[in-house]
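Please open the model in your viewer and keep a selection panel at hand. The stops below are meant to be followed in order.

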Amino acid sequence: VNRHRIACYITGACYEDTSRKESSIFSDSALPGFSAKVATSPKHIPYRRTNIVYSLPYSLTASNILAAEAYCEMVRPKIASTINSQGGNLCSVAFHPDYVPELRVHFHVKHLREWSAVHQVERDLLDTQIITPKHLFEAKERIRSFYCKMHEDPIAWNRFAGYNLMSGNRYDLLELRDICAYDTRVTQETVFQIIKTFQVEEK
């Protein structure tokens with residue numbers, strides 16, 4: 001393959017015609033140049049806001065993973081309210097079990113409000129008052145509904161089962177299909193235990 005043909009492939013030219021030309025596409029004394037495109041900010045990141053990912057290490061197992069999901073369901077509205085009051089926007093609150101297991105809070109906030117927002121997020125994460133019987137029941141029902149609906153779709157369930165197997169069997173698949181298991185795994189005590197294990201540095 002000669003260099004003229006390679007150059008056509010790189011530049012996206014029509015190789016059926018151009019690659020047969022005998023004339024040189026680029027001179028022997030210069031590398032090909034490409035005009036730079038104007039860089040723009042990603043649309044999902046608001047203008048003039050700082051993108052922050054706050055995380056706390058946490059190890060998930062089959063015994064606490066449902067309680068961890070319920071905790072995220074309960075704490076998410078409170079953190080969203082906090083970030084909105086700081087002129088920002090909450091993206092997600094979730095446990096990430098892969099690579100470095102952690103609880104991750106992702107949000108955008110106005111410049112010069114970063115420290116205040118992070119400090120308030122830490123306080124929200126340690127707030128045990130969010131664990132009321134009503135909030136616990138609602139979170140439990142959302143999680144139960146999600147997995148029961150997934151189980152009705154064989155393709156989605158098999159895909160999830162494969163992911164669970166590769167990630168270390170964190171979920172007990174039989175428990176996810178057992179309605180009574182949610183009442184056992186998701187209680188005030190198990191959710192309290194999630195909060196107690198967080199190590200937040202005092203400011």
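Begin by selecting Arg170 together with the residues it touches: apart from neighbours within four places in sequence, Arg170 is in contact (heavy atoms within 4.5 Å) with Leu60, Thr61, Ala62, Ile65, Pro97, Asp98 and Asn164. Arg170 sits in the loop between helix 6 and helix 7, and its relative accessibility of 15% counts as buried, a class defined as under 20% relative accessible area, with exposed over 50% and partly exposed in between (1.4 Å probe, protein chains only).

Before moving on, note that this is a predicted model, in which local features need pLDDT of at least 70 and side-chain atom pairs count only at pLDDT 80 or more, while totals for chains, interfaces and linings use all residues. Residues are numbered from 1 along each chain as its sequence is written, and side-chain values use heavy atoms, with hydrogens and water left out.

Now colour the protein chain by secondary structure, where helices (H or I, at least four residues) and strands (E, at least two) are DSSP runs numbered from the N terminus. There are nine helices and three strands, following the pattern α-α-β-α-β-β-α-α-α-α-α-α along the sequence. Of the 203 residues in the protein chain, 33% are buried.

Next, select strand 2 (residues 89-96) and strand 3 (residues 102-110), which pair in the antiparallel sense over seven bridges; pairing requires that DSSP finds at least two bridges between two strands. Within this pair, Val93 stands opposite Val105 in strand 3. The two strands form a hairpin with five residues between them, and in the turn Tyr99 has a positive phi of about 60°. Continue past strand 3 to Leu112, in the loop between strand 3 and helix 4, where phi is again positive, near 75°, in a residue other than glycine. Leu112 is exposed, with a relative accessible area of 85%.

Which residues lie nearest the centre of the largest pocket? Select Glu69, Ala94, Phe95, Tyr147 and Tyr171, which hold that place among the 20 lining residues. Helix 3 gives the most to this lining, with six residues. By class, the lining divides into 15 nonpolar, no polar and five charged residues, where Ala, Val, Leu, Ile, Met, Phe, Trp, Tyr, Cys and Pro count as nonpolar, Asp, Glu, Lys and Arg as charged, and the others, Gly among them, as polar. A pocket here is an open set of points on a 1 Å grid over the protein atoms alone, where a 1.4 Å probe fits, with protein on both sides within 12 Å along at least five of seven lines; lining residues have an atom within 4 Å of a point.

Finish at Leu176 in helix 7 (residues 173-176), which is buried at a relative accessible area of 2%. Leaving aside neighbours within four places in sequence, Leu176 is in contact with Leu66, Tyr147, Trp157, Phe160, Tyr171 and Tyr182.
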